[in-house]
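Here is a short briefing to read alongside the structure.

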Amino acid sequence: MATFLYRLGRGSYRLRWLALAVWVLVVAGVGAAAATLQQETNPEFVLPGTESQEAFDLLEERFPEMDADGGSAQIVIQSEDGQALTAEANAAAIADLAAVMEDSPQVASVTSPLATGPDGTPIGMLSAEDQTIGVMQVTYAEPSMELDEDTVTYLEDAVADAEDQGIRVEVGGDVLQAMPETSATELIGIGVALIVLVITFGALLAAGLPIITAVLGVMLTTAGILAATSFMNVSESTGTLASMIGLAVGIDYALFILSRYRGELAKDGRVEDKRARAEAMGRAVGTAGSAVFFAGLTVIIALLGLSVVNIPFLTEMAVAAAVTVLIAVVIAVTLLPAFAGFAGKRIFTKRQRRRIAEGVHGSKPNGGKRWAGFITRHPVLVALVGIVGLGALAYPATDLELGLPDAGSSSEDTTQRQAYDLISEGFGAGFNGQLMIVGDLDDGVDAATAAADVTAELNEIDGIAMVGQAVPNQAGDTLLVTVIPETAPADEATNQLVHDIRGVLADDADADWSVTGATALNIDISDNLNDALLPYMLIVVGLAALILLLVFRSLLVPVLATLGFMLSVFAALGALVAVFQWGWGAELFNVDQPGPIMSMMPILMIGLVFGLAMDYQIFLVTRVREAYVHGASPKEAIVEGYGHSSRVVVAAALIMISVFAAFIFSAESLIASMGFALAAAVVFDAFVVRMAIIPAVMALVGRGAWWLPKWLDRILPNVDVEGERLQQRLASDAPDDERELVGASK
């Protein structure tokens, strides 16, 4: 591996114009594909294999007049004068609003809160107590994501006009969903990354190269996603996650290789020599590039492993992010060397080149060596403080509550939240999470009899506030019953109610009953995620442990890496609970409404954090092993390895933290909480686990850290990440002048 990457890096440096031309063609091709193939994205939220999805599909087939997949708006109306909505002035305003909405583009049906059936029976939603709150149900002919902008604008204008007539109007439903804006957050992350890189390298040109290559990788992925919209539906979150991960790993991977390249040149002292620069880039890509390859591979495995959850939109997000990581790796080992070739000796400032020529550049012991020396002298103290500290941070995770967001978790300033609160006030919290009971009747079963039976059964179940009238379809082979829970959609009691209903109706011999609706769908998602968590961890951790075994040829190092990762994840989950669930520092972290943590957060965190944690493990410990295999004692290897790599790992961690933290200010709660969780996880994993606990434990066990059974050592392929075989080959194959160059690099 190291030899192949050495040739690739040196070749890209020497043939930089060819490498640049190839990448220009790639960018042009992907850009042209995006421009010609891009279509409007119409993502559908589906959960195959679940009861709620099967019921939803049955509704679309048997009740086509319902427009079950169409967008909806709940226009909640409250009188401002304290009079009932049935009063003349209020009723006139409601009638005008209903008439306006019936003329809306793409509208399918409008039900006024004052509407009555043919027999005069009220069919609209009007609060029973004082009749001051009502709900106008609006159904559209297209899914919410497919609605034209003019349709949404029409709704907003209609609501504004109605408020001028003396009534308060708020809008719930899925039509007015805020879309995340990520451009500003990306710029914040890039800005902080540039500052960190300038401080790390001390040279503006060197600092700019990782930014350029990372942004190029994100642009390529974004263009690919746009092109993919011609044959698949893509959600907005897909591009957001890809940008988040792509920026972070793209900058980090380029940073590690460029730092190694500068280090090789500084040791050689031949910055002015073109051939020496090409050779240094080859060695940098052969060693640091090997670490980048395996680090990227662990991230990709962790991301693709999310497909075991069998949630299409989550798989889609993971695949896009994995492609972004792959592009970042390829760019780092091919295009970055080409850019470094164009930069030439200007990769250092004039002052740095002068100090290198004088032999004083990097001659002083750095902070990494001093820190590693402290750890090796006090390993027990460092390990205990780190483990106990992260354990304390993980404690809030014992109170973890999982759920999916609804309007009740939105900011109190939004109209969706105002509509949610008004419905709760006028009709009860359960009206915000109505359940739909769908019955597929057996042949020969009378619909009226089945309706009476199921209504009686449902009325016997605790936790139901109201059972609606059972409605048959035109063919009389399907029944639909609306059930109103007593509790809010995200309440644990509602979760239990859904399972209770399913349990009671499972024994019905006359029909195949199922429960659906947004609330039931959210519950099924949570159940799927919980069921998939253990298999996912076994797959991802198992494959990644195998990779680490190949890289480090040690049994203990992969075990330490995995245990440290688990400690980081639990600590990050604890911080997430404290802020997003308990509300600690809510204003500081842009948390409008503390509540349950998104049910998909643990598995997403495990997938992303595991890959990122292995990045630092590979980058740090590879340099330790490199020193060890070249003859250093275990403690000397730790000091030497951390002296070489800790500075750049700290810089990489700060960059990754800044990129992730910037997404805390996203308008989408999933992205905001993910940004916080990932930033916290990187803080804990990079600075506590990888920079403190791992070297402390390695110092305690000494040579045992690198023990591997001889039989296993014989059958494992040698991937030569530390470049030992590469150095031997270069030393034996090179002419005399190049042997001096290789010898100087050791």
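Asp-512 counts as exposed, because its relative accessibility is 53% and the cut-off for exposed is over 50%. This residue sits in strand 11, which covers residues 511-516. Please keep in mind that the model is predicted.

**The negative patch**
- Asp-512 is one of the residues that form a negative surface patch, together with Glu-54, Asp-57, Glu-60, Asp-442, Asp-443, Asp-453 and Asp-510.
- Helix 3 (residues 51-62) gives this patch its largest share, with three residues.

**Charge across the protein**
- The protein carries 40 positive and 86 negative charges.

- Val-22 belongs to helix 2, made up of residues 16-37.
- With a relative accessible area of 42%, Val-22 is partly exposed, because that value falls between the 20% limit for buried and the 50% limit for exposed.

**The overall build**
- The protein has 24 helices and 12 strands.
- Its C-alpha trace spans about 105 × 50 × 50 Å along the principal axes.
- Of the 746 residues, 54% count as buried.
- Among contacts with a separation of 6 or more, 80% link residues 24 or more positions apart.
- The accessible surface is about 30900 Å², and carbon and sulfur atoms account for 58% of that area.

Key. Residues numbered from 1 in each chain as written. Predicted model: local features only at pLDDT ≥ 70, side-chain atom pairs only at ≥ 80, totals over all residues. Heavy atoms only, no water. Helix = DSSP H or I, 4+ residues; strand = E, 2+ residues; numbered from the N terminus. Buried < 20%, exposed > 50% of the residue type's maximum accessible area, 1.4 Å probe, protein only. Contact = heavy atoms within 4.5 Å. Areas by Shrake-Rupley, 256 points an atom, 1.4 Å probe, with all protein chains shown as cover. Lys, Arg positive; Asp, Glu negative; His and termini not counted. Charge placed at Lys NZ, Arg CZ, Asp CG, Glu CD. Patch = residues over 30% accessible without salt bridge, like charges linked within 9 Å, V, L, I, M, F, W, Y side chains within 5 Å. Salt bridge = Lys/Arg side-chain N within 4 Å of Asp/Glu carboxyl O.
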